[in-house]
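Please keep the viewer open as you read.

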Amino acid sequence: SSGINAEWPLRPGTLIAGLTIKCIAKHKLNFASFFFPAGAPVGLAPLLVPVETISFFSRAISLGVRLGANLTAGHMIMHIISDFGAQMIASGTVGGGIGAVFCCAALVPITILEMAVAVVQAYVFCMLTTMYMKDAHELH
């Protein structure tokens, strides 16, 4: 789905819950070290722990926003060009008909581009999710 409203409720909660459950199941109480990297000075704890916590929870949100924004942008471009072509046809002029043909012709490469963007977004989503799972498995 290209609408962020359709994917928003499920993705962040599912990914965060999955990462948290995986970390706790594997590392037990060492899960807390996920928010304070090894070797960091203890004096930096008040700064590092909130930053790492925000980073942990923003991962899933960034995945959803990135995917939703890229797919929505492509759909909006196609919708705008289609509406422009429909308005040209509705004008009832010969120039409007010719312009509408060009609008329809422009939709073909844009559709191909949108499919390419979808493939790239699927790859990025899978790669980042895999990296996040690796981080949860190895605790940094």
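## Buried charge, paired helices and a ring cluster

Let's begin with Arg59, which is buried at a relative accessible area of 13%; buried means under 20% relative accessible area, exposed over 50%, and partly exposed in between, using a 1.4 Å probe and protein chains only. This is a predicted model, in which local features need pLDDT of at least 70, side-chain atom pairs count only at pLDDT 80 or more, and totals for chains, interfaces and linings use all residues. Residues are numbered from 1 along each chain as its sequence is written, and side-chain values use heavy atoms, with hydrogens and water left out.

Arg59 sits in helix H3. Not counting residues up to four places away in sequence, Arg59 touches Phe34, Tyr132 and Asp135, where contact means heavy atoms within 4.5 Å.

What does the overall fold consist of? The protein has four helices and zero strands, and from the N terminus on its elements run α-α-α-α. Helices (H or I, at least four residues) and strands (E, at least two) are DSSP runs, numbered from the N terminus. Of the 140 residues in the protein, 26% are buried. Among contacts with a separation of 6 or more, 71% come from residues 24 or more positions apart.

Helix H4 (residues 94-138) has 45 residues and reaches 66 Å from its first C-alpha to its last, close to the 66 Å expected at 1.5 Å a residue; the expected span is 1.5 Å times one less than the number of residues. Buried residues of H4 include Gly96, Cys103, Leu107, Ile110, Glu114 and Tyr132.

How do H3 and H4 lie relative to each other, parallel or antiparallel? Their axes come within 8 Å and cross at roughly 175°. Axes here are lines fitted to C-alpha atoms, for helices over the stretch in contact, with angles from 0 to 180 degrees between N-to-C directions. H3 and H4 are therefore roughly antiparallel, a label given to angles over 145 degrees. By class, their contact has 19 nonpolar, 13 polar and four charged residues. Ala, Val, Leu, Ile, Met, Phe, Trp, Tyr, Cys and Pro count as nonpolar, Asp, Glu, Lys and Arg as charged, and the others, Gly among them, as polar.

Glu114 is found in helix H4 and counts as buried at 12% relative accessibility. Leaving aside neighbours within four places in sequence, Glu114 is in contact with Leu71, Gly74, His75 and Met78.

Now for the rings. They pair if the centres of Phe, Tyr or Trp rings (the six-membered ring of Trp) lie within 6.5 Å; planes under 30 degrees apart count as stacked, over 60 as edge-to-face and the rest as tilted. By this rule there are two aromatic pairs.

| Aromatic pair | Centre to centre | Angle between planes | Type |
|---|---|---|---|
| Phe35 and Phe56 | 5.5 Å | 85° | edge-to-face |
| Phe56 and Phe57 | 5.3 Å | 85° | edge-to-face |

Phe35 is buried at 14% relative accessible area, and Phe56 is buried at 2%, whereas Phe57 is partly exposed at 38%. Ring pairs link Phe35, Phe56 and Phe57 into a cluster.

Note on methods:
Angles under 35 degrees count as roughly parallel, over 145 as roughly antiparallel, 65 to 115 as roughly perpendicular and the rest as oblique.
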